[in-house]
Amino acid sequence: MATLYHVPTSRSLRVLWTLEEIGVTVDVKSLGVRPRLQEPEYLAINPAGTLPALIDGDRAIYESLAICEYLAARHGSELVVAPDEPERPEFVQWLLYGEATLQAPLSVMARVGRIRNKTPEMQAGIDAVLADARHSLSMRLKPLEQRLEGRDFLAAGRLTLADISVGYPLNNLGRPHFAGMLGPRAQAYRERLVARPAFQRAAAIP
Ligand SMILES: N[C@@H](CCC(=O)N[C@@H](CS)C(=O)NCC(=O)O)C(=O)O
């Protein structure tokens, strides 16, 4: 059985959500957030120290969306839009958007938020980076709001990995700090996604 290295609230949530949607289990190893970056045992599995990682026999996969695609495709799930389906290009676009476009400014915010022992000059620089990331985030939400006009899902008229990809940063955008950033369609879409029983089960995994 494949092993998934996981930390609650990390991008491993995408993988657990995918597994819950398709009704498949893997061996889940839950790690602490910070220590793993110095743990030789974990660095031997993923030299970058990032999460998630999936080990399946001799195969190691370190990108959350690549893990989701690997597991869903292997089980013949409709969460993957097949190459011969008309909305395959849109599927790939929104699949990548969730990580490369929408999650990117959130990751910047998380990283600078971890800087300790700040001087006033550093704080001023950090505040400028945070303001820029927030502006970038508000711009990057605009195409999502447009895409959701008249649609429940991002591609192919059904739940796909594109929704699971985008659902991860949208879940993070539910925090009070981001109140008011989502447009009405993105807000309703977020609520629909996080209300899914499969999402709820995945989010409850310690
Ligand atoms: N693009 C990668 C990003 C992986 C990533 O940055 N994961 C975060 C946790 S959600 C992490 O491990 N951060 C620790 C760090 O970058 O030092 C993916 O989707 O798996």
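Contact here means heavy atoms within 4.5 Å of each other. With that in hand, S165 makes a handy way in: leaving aside its neighbours within four places in sequence, S165 is in contact with R14, L65, W94, L95, G98 and E99. The model is a predicted one, in which local features need pLDDT of at least 70 and side-chain atom pairs count only at pLDDT 80 or more, while totals for chains, interfaces and linings use all residues. Residues are numbered from 1 along each chain as its sequence is written, and side-chain values use heavy atoms, with hydrogens and water left out.

S165 sits in helix α7 (helices are DSSP runs of H or I of at least four residues, strands are runs of E of at least two, and both are numbered from the N terminus). S165 is buried, with a relative accessible area of 0% (buried is under 20%, exposed over 50% and partly exposed in between, with a 1.4 Å probe and protein chains only). As for D132, it lies 33 residues from S165 in sequence and 23 Å away in space, C-alpha to C-alpha.

Now for the sheet. Its 4 strands form an open sheet with mixed pairing, in the order β2-β1-β3-β4 (two strands pair if DSSP finds at least two bridges between them). β2 and β4 are the edge strands, each pairing on one side only. On average, neighbouring strands are turned by 20° against each other, direction ignored (axes are lines fitted to C-alpha atoms, for helices over the stretch in contact, and angles run from 0 to 180 degrees between N-to-C directions). Helix α3 packs on this sheet, touching β3 and β4, and its direction makes about 40° with that of β3.

In a regular strand the side chains alternate between the two faces of the sheet. Strand β1 (residues 3–6) is covered on both faces, with T3 and Y5 buried on one side and L4 and H6 buried on the other. β1 and β2 (residues 27–30) run parallel and are joined by 4 bridges, and Y5 has K29 as its bridge partner in β2. Between these two strands the chain passes through helix α1 (residues 12–22), and this β-α-β crossover is right-handed (with the strands pointing away from the viewer, the path from the first strand over the helix to the second runs clockwise). On the β3 side, the pairing is antiparallel: 3 bridges join β1 to β3 (residues 53–56). There, T3 stands opposite I55, and Y5 has A53 as its bridge partner.

Helix α1 lies across β1 and β2, running at about 135° to β1. It is mostly covered, with 8 of its 11 residues buried; among them are R14, L16 and W17. Helix α3 (residues 64–74) has S64, L65, I67, C68, Y70, L71 and A72 as its buried residues, and what covers them includes α1, β3, β4 (59–61), α4 and α7 (161–172). α3, too, is followed by a glycine with a positive phi, G76, near 65°.

Two packed helices are described by the angle between their axes and the distance between the axes. The axes of α4 (residues 88–113) and α7 come within 7 Å and cross at roughly 15°. That makes α4 roughly parallel to α7 (angles under 35 degrees count as roughly parallel, over 145 as roughly antiparallel, 65 to 115 as roughly perpendicular and the rest as oblique). The crossing of α4 and α7 is left-handed (the near helix is turned anticlockwise from the far one by less than a right angle; clockwise would be right-handed). In this pair, residues of α4 including F91, W94, L95, G98 and E99 meet residues of α7 including L161, S165, V166 and Y168.

The axes of α4 and α5 (residues 120–140) come within 9 Å and cross at roughly 160°, and these two helices are therefore roughly antiparallel to each other. The crossing of α4 and α5 is left-handed. Here the residues that meet include Y97, A100, L102 and V108 from α4 and I126, V129, L130 and A133 from α5.
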